[in-house]
Protein chains: 2
Amino acid sequence: MTLTDTQTTPVPADLPADLLDLDARDPLAHKRAEFLLPAGVVYLDGNSLGPLHRSVPERIERVLRGEWGEGLIRSWTANAEAALDWMALPDRVAAKIARLIGARPHEVAVGDSTSVNLFKALAAALALVPDRRVILTDADNFPTDLYVAQGLNALLGGRYELRRVPNTEIAAHLSLEIAVTLLTEVDYRTGRRLDLAGLSAQAREHGALTVWDLAHSAGAFEVDLNGAGADFAVGCGYKYLNGGPGAPAFLFVAERHHAGAPVALSGWMGHADPFEMARDFVPAPGARRFVPGTPQVLSLSALDAALDAFEGVEMAELRAKSLSLTDTFIGLMEPLCAAHGLMLVTPRAHAQRGSQVSYRAPDAQAVMRRLVERGVIGDFRTPDILRFGFTPLYHSHADVWRAVQGIRAVLEGQTP
Amino acid sequence: MTLTDTQTTPVPADLPADLLDLDARDPLAHKRAEFLLPAGVVYLDGNSLGPLHRSVPERIERVLRGEWGEGLIRSWTANAEAALDWMALPDRVAAKIARLIGARPHEVAVGDSTSVNLFKALAAALALVPDRRVILTDADNFPTDLYVAQGLNALLGGRYELRRVPNTEIAAHLSLEIAVTLLTEVDYRTGRRLDLAGLSAQAREHGALTVWDLAHSAGAFEVDLNGAGADFAVGCGYKYLNGGPGAPAFLFVAERHHAGAPVALSGWMGHADPFEMARDFVPAPGARRFVPGTPQVLSLSALDAALDAFEGVEMAELRAKSLSLTDTFIGLMEPLCAAHGLMLVTPRAHAQRGSQVSYRAPDAQAVMRRLVERGVIGDFRTPDILRFGFTPLYHSHADVWRAVQGIRAVLEGQTP
């Protein structure tokens with residue numbers, strides 16, 4: 001298997017005219033050529049690991065041999081005027097992400113993992129609501145969100161209650177007891193999208209702060225954190241942002257909290273003047289104070305290059321195409337669901353849908369294994385979920401068609 | 001400037017015979033060719049950022065185009081039998097580091113930054129000594145160590161006292177009040193090396209736990225954490241381990257603490273079965289439980305490749321050469337110190353010396369700037385320190401000679 005120019009993938013001969021037409025009118029069709037994908041694969045797992053953007057290998061080669069190999073320690077500050085210094089690299093990446101999530105650049109810090117950023121966000125948020133003791137979360141939240149809350153709570157002497165309720169009932173559980181809501185906008189299993197703006201407003205009315213996990217949102221559709229009045233958010237660099245495996249994550253801290261939110265994980269790179277080597281921590285301006293250690297230059301450079309895929313992309317256009325792709329998929333899958341006992345668990349209502357489609361299915365794990373062998377790469381999620389991610393930057397309606405043909409073949413027991 | 005095969009660097013015509021002889025008998029001389037360094041540079045800053053190991057660019061190219069580009073999500077588990085799966089990559093890197101620091105592989109976790117690992121280590125150590133309230137540290141400890149303690153203490157309600165004393169007086173300040181000693185084995189400014197084994201034993205006698213920062217130790221000389229009975233340690237991937245800018249750091253947790261030490265930063269990748277997606281955190285076996293988020297594959301792969309430089313290297317041999325290099329440097333610098341007002345701040349006693357040599361110097365910042373312009377790359381450290389790191393894997397005594405010639409020229413005001 002070799003990496004291929006995805007533009008050359010032939011259009012299936014049996015592609016229905018309406019799908020052919022949708023692809024012909026796709027304003028994002030030109031972005032597809034920016035990604036390197038293996039030939040013969042329909043990759044519906046960009047919501048777990050985004051594919052390789054064409055600009056990344058070249059950028060990394062330059063970072064390795066040029067900036068690291070030749071520049072060595074000098075590269076931390078060299079070529080700052082050309083925006084090539086490593087010191088400001090996290091800020092440059094933060095600015096690119098800020099545009100995608102409705103934040104101002106200085107409200108976003110890039111570095112560390114999503115889990116570590118969740119810890120920072122939750123610790124800061126809880127400190128800002130010192131008289132309350134309940135963290136309200138989704139009972140089926142992504143595990144790391146629950147574990148981070150458990151670990152932090154144990155560290156703080158177990159004085160909080162982690163109240164886990166179904167994500168359809170969050171609003172009903174808001175009360176004056178709630179210190180912080182810890183919610184993932186899009187459920188990693190069902191693809192259900194919560195009402196970020198509405199829930200943020202309702203939390204605010206109850207005096208609670210919001211910590212949003214945007215793992216399946218950032219880069220998937222337009223997010224407007226400041227429009228929603230969100231307090232804190234975190235997100236992942238390696239899913240829809242295509243930063244590569246284990247890419248640095250991001251943390252959003254609304255400007256109004258910069259002065260008051262304590263920095264629990266305080267380190268030298270979050271200091272106002274790291275090289276002053278002062279004995280006491282004085283936070284850097286803006287959200288950058290929340291990343292304590294040395295920037296992960298290799299991984300950050302890959303993420304920085306990959307984010308150029310969003311240059312010139314209107315997020316509303318991205319969202320429209322995402323909905324068109326998932327609508328098409330849901331429609332084409334309907335007869336297969338009826339015949340093979342699959343149950344759609346992703347909401348049909350657009351407002352409640354992320355950029356993935358999931359089904360409960362008999363033998364889901366075995367079905368996904370056979371799909372992957374056939375080159376239709378989605379995800380199995382325990383206990384019985386088939387999950388398919390759609391990414392408008394590199395998927396066409398023809399890909400949706402190909403995927404459904406592959407799924408049909410597997411469900412009907414055809415050998416590849 | 002281009003990267004060069006360092007083997008081809010010509011021997012200076014005026015190199016004294018004794019230095020020529022030391023290089024001729026150097027059992028590590030063959031390692032030099034494994035590193036790519038810019039022509040015309042004497043790089044004495046590997047204690048800040050290690051140089052590019054020859055194996056790294058090729059490895060990263062394979063990870064980018066092969067494992068990420070073609071393998072995509074499958075690479076998390078693919079080729080596990082050939083030790084190429086991403087899931088176990090942190091464990092493979094941990095095993096390589098364990099050998100260098102006197103630890104067992106399952107006592108080392110790799111990932112996150114040094115600062116974040118310090119936070120985890122200190123949080124765990126304090127929880128194990130619940131009835132004490134003093135953290136004893138070096139007043140001139142590296143800033144991040146102090147800031148991490150400050151941030152954690154504030155998070156815990158300020159119930160600890162951070163007692164900062166000169167690092168020559170640590171033993172005298174040990175008492176039954178001390179919960180944890182937070183010490184860096186080698187002082188980043190002076191290069192003074194503390195007695196890790198002795199202080200660990202004395203701390204233990206007083207019922208205190210030890211958290212050691214090995215930033216300037218790991219890869220610089222043999223460290224024997226288990227021999228010393230150390231409790232926790234952290235270290236840096238981008239200094240003497242040559243993992244690249246912002247490389248993942250490591251955390252050592254002695255096996256006897258695995259069952260009892262709480263995991264404050266608990267996340268899905270530290271779970272015993274991450275893909276079970278369980279609602280409650282159950283720690284993975286061994287130290288791996290302490291890294292919550294997704295492994296940083298690009299950066300980890302660079303570190304993994306770079307660590308092969310230590311394959312077959314006897315750490316005692318490395319240490320002997322390090323001392324020979326620093327002795328030679330100190331000796332050659334003596335007349336310059338006398339003539340130009342430099343004061344050696346690195347101990348002459350071998351047992352008290354790391355792998356760097358530092359001087360207090362008038363106009364140190366300007367002197368270092370001119371040295372760097374001349375191709376002798378060391379570090380300025382506030383307020384008046386010139387710092388030169390020696391790394392036996394790629395330095396020769398001829399490099400020491402070249403460096404001193406460069407320093408002489410700068411001190412005597414010659415233009416390059």
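Select B:Pro383 to begin. This residue sits in the loop between strand 15 (379-381) and strand 16 (385-389) of chain B. Helices (H or I, at least four residues) and strands (E, at least two) are DSSP runs, numbered from the N terminus. Now show the backbone one step back. B:Thr382 and B:Pro383 are joined by a cis peptide bond, with omega about 0°. Most peptide bonds are trans.

Before the next stop, some ground rules. This is a predicted model, in which local features need pLDDT of at least 70 and side-chain atom pairs count only at pLDDT 80 or more, while totals for chains, interfaces and linings use all residues. Residues are numbered from 1 along each chain as its sequence is written, chains are lettered from A and ligands numbered from 1 in the order in which they are written, and side-chain values use heavy atoms, with hydrogens and water left out.

**Stop two: the loop in chain A**

Jump to A:Pro383. It lies in the loop between strand 15 and strand 16 of chain A. The peptide bond from A:Thr382 to A:Pro383 is cis, with omega near 0°.

**Stop three: a four-stranded sheet**

You now see an open sheet of 4 strands, in the order 12-13-16-15, with antiparallel pairing. Two strands pair if DSSP finds at least two bridges between them. Which strands stand at the edges? They are strand 12 (343-344) and strand 15 (379-381) of chain A; each has a single partner strand, so one side of each is left without a neighbour in the sheet.

Zoom in on strand 12 of chain A. It runs antiparallel to strand 13 (residues 356-360) of chain A, and 2 bridges join them. Pick A:Leu344: its bridge partner in strand 13 of chain A is A:Tyr359.

Next, select helix 10 (residues 364-373) of chain A. It lies across strand 15 and strand 16 (385-389) of chain A, at about 40° to strand 16 of chain A. Axes are lines fitted to C-alpha atoms, for helices over the stretch in contact, and angles run from 0 to 180 degrees between N-to-C directions.

**Stop four: two helices side by side**

Select helix 9 (residues 315-340) and helix 11 (residues 397-411) of chain A. They pack at an angle of about 15°, with their axes 9 Å apart. Helix 9 of chain A and helix 11 of chain A are therefore roughly parallel to each other (angles under 35 degrees count as roughly parallel). Show side chains where they are in contact (heavy atoms within 4.5 Å). Helix 9 of chain A brings residues including A:Phe329 and A:Leu332, and helix 11 of chain A brings residues including A:Trp401 and A:Val404. The contact of helix 9 of chain A with helix 11 of chain A divides into 10 nonpolar, 4 polar and 1 charged residues. Ala, Val, Leu, Ile, Met, Phe, Trp, Tyr, Cys and Pro count as nonpolar, Asp, Glu, Lys and Arg as charged, and the others, Gly among them, as polar.

**Stop five: a seven-stranded sheet**

Stay in chain A. Here is an open sheet of 7 strands, in the order 5-11-10-9-8-6-7, with mixed pairing. Strand 5 (108-110) and strand 7 (161-165) of chain A stand at its edges. The twist averages 20° from one strand to the next.

Select strand 9 (residues 209-213) and strand 10 of chain A. They pair in the parallel sense over 3 bridges. A:Asp213 stands opposite A:Val234 in strand 10 of chain A.

Then pick A:Asn242. It is found in the loop between strand 10 (232-235) and strand 11 (250-253) of chain A. A:Asn242 has a positive phi of about 60° although it is not a glycine.

**Last stop: both chains**

Show everything. Chain A can be laid on chain B with an RMSD of 0.0 Å, by a turn of 180° and a shift of 0.0 Å along the axis. The two copies are thus related as by a two-fold rotation axis. Copies are superposed by least squares on the C-alpha atoms of residues with pLDDT of at least 70 in both. Finally, select the interface: 100% of the interface residues of chain A are also interface residues in chain B, so the copies meet through the same surface.

Key: Parallel < 35°, antiparallel > 145°, perpendicular 65-115°, else oblique.
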